[in-house]
Amino acid sequence: MKRGAGSRRCRVGLELRGVVQGVGLRPTIRRLAEEAGVGGWVQNRSGTVHLEVVGAESTVRAFVETLPRRMPPRARLDALDAGPIVALDPDESVPAFEIRESRDDADPRVAIPPDLAVCRACLEEVFDPASRYYGYPFTTCTDCGPRYTVVAAMPYDRSRTALADFPLCPACRAEYDDPASRRFHAEAIACPSCGPRLRLLDARGEQVAGDPLGEARAALAGGRIVAVKGLGGFLLAVDAASTAAIECLRRRKGRPHKPLAVMARDLATARRLFHLSPVAVEALTSPEGP
């Protein structure tokens, strides 16, 4: 029987541009490809994502048509360029869909995503005594965590980030390799066994004994200044309710009048402290969570 036009097997190449790296796009495309029953590959390049889709022509066309509407929430697709649809040889098989190793382009077009506030799922793990992420301050997944502050070069891979010096433990590697996990190909994944850890140092650079977070809280409550070194630089923190501590910080920084940022635990806390406009609420509850 002659194969119909819709069932002819073919391949098509695509290039996606915009905020398409560091937002969980490759894992999403792989899941969508497996759901649609198409083969091929997806690959990060220097600021773009390339993929090849292989399968029955009608299925391939439907996959390409619906892809822009099924992007992960943190992605921003500025352009999708599709090459010609090429028929497969009759004896050519459809390969399983895979995530290929990233490749540098000679002419990079880079759009680095912003850092993303911790998501609800990660936050639940941090406060869950049964989770291996319990109490771990650097918990992250493909939906949240640092991006802009950790990347050193594109394509966005762990080897090009500040996490490159922290090899994955077996448990993290299992999540990273599991298509069903929300940490599938999460480049900034880390846990207490293999990732960065908290330390508290005194003014002489000597490590302070005890729980670093608890000791830092006690220092803030005692009116002291705590310098918090994160992946993106230093944050100088004091108790916002302590006039003496704020005046000390202003004096030592030589910043007598310029406003200082105030941190609040959540939106409800911020509402108790400030009048928030709808625009401010929208910004505070955005994925970036400033």
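Buried means under 20% relative accessible area, exposed means over 50%, and partly exposed lies in between. With that in hand, here are some questions about this predicted model.

Q: Why does Phe138 count as partly exposed?
A: Phe138 has 28% relative accessibility.

Q: What makes Tyr136 buried?
A: The relative accessible area of Tyr136 is 5%. Buried means under 20%, so Tyr136 is buried.

Q: Why is the pair of Tyr136 and Phe138 called edge-to-face?
A: The structure holds 1 aromatic pair. In this pair, the ring centres of Tyr136 and Phe138 are 5.5 Å apart and the planes stand at 75°. Rings pair if their centres lie within 6.5 Å, and planes over 60 degrees apart count as edge-to-face. The pair of Tyr136 and Phe138 is therefore edge-to-face.

Q: How do you know that Arg183 lies over the face of Tyr133?
A: Arg183 is placed at 4.0 Å from the ring centre of Tyr133. The cut-off for the distance is within 6 Å, and the charge must also be within 35 degrees of the ring normal. Arg183 is found to lie over the face of Tyr133.

Q: Why is Val38 called buried?
A: Val38 has a relative accessible area of 6%, and buried means under 20%, so Val38 is buried. Val38 is found in the loop between α1 and β2 (39-44). Leaving out residues up to four places away in sequence, Val38 touches Ala33, Val53, Val54, Thr59, Val60, Phe63 and Phe97.

Q: What makes up the largest nonpolar core, and which element gives the most to this core?
A: The largest nonpolar core has 25 residues, and those with the most contacts inside it include Leu14, Leu51 and Phe63. Two or more residues come from each of β1 (9-19), α1 (25-36), β3 (48-56) and α2 (57-66). β1 gives the most to this core, with 5 residues. Setting aside neighbours within four places in sequence, Phe63 is in contact with Ile29, Leu32, Ala33, Ala36, Val38, Leu51 and Val53. A second, separate core of 11 residues includes Leu168, Cys169, Tyr176 and Cys194.

Q: Which residues lie nearest the centre of the largest cavity?
A: A search of the whole structure finds 1 cavity of 30 Å³ or more. About 150 Å³ of space lies in the largest cavity. Its lining has 19 residues, of which Gly22, Val23, Gly24, Tyr156 and His185 lie nearest its centre.

Terms used:
Residues numbered from 1 in each chain as written. Predicted model: local features only at pLDDT ≥ 70, side-chain atom pairs only at ≥ 80, totals over all residues. Heavy atoms only, no water. Core = buried A, V, L, I, M, F, W, Y, C linked by side-chain atoms within 4.5 Å. Buried < 20%, exposed > 50% of the residue type's maximum accessible area, 1.4 Å probe, protein only. Helix = DSSP H or I, 4+ residues; strand = E, 2+ residues; numbered from the N terminus. Contact = heavy atoms within 4.5 Å. Phe/Tyr/Trp six-rings, centres within 6.5 Å; stacked < 30°, edge-to-face > 60°. 1 Å grid on protein atoms, 1.4 Å probe; cavity = no way out; pocket = protein on both sides within 12 Å on 5 of 7 lines; lining within 4 Å. Points joined across faces, edges and corners; volume = space filled by probe spheres on them.
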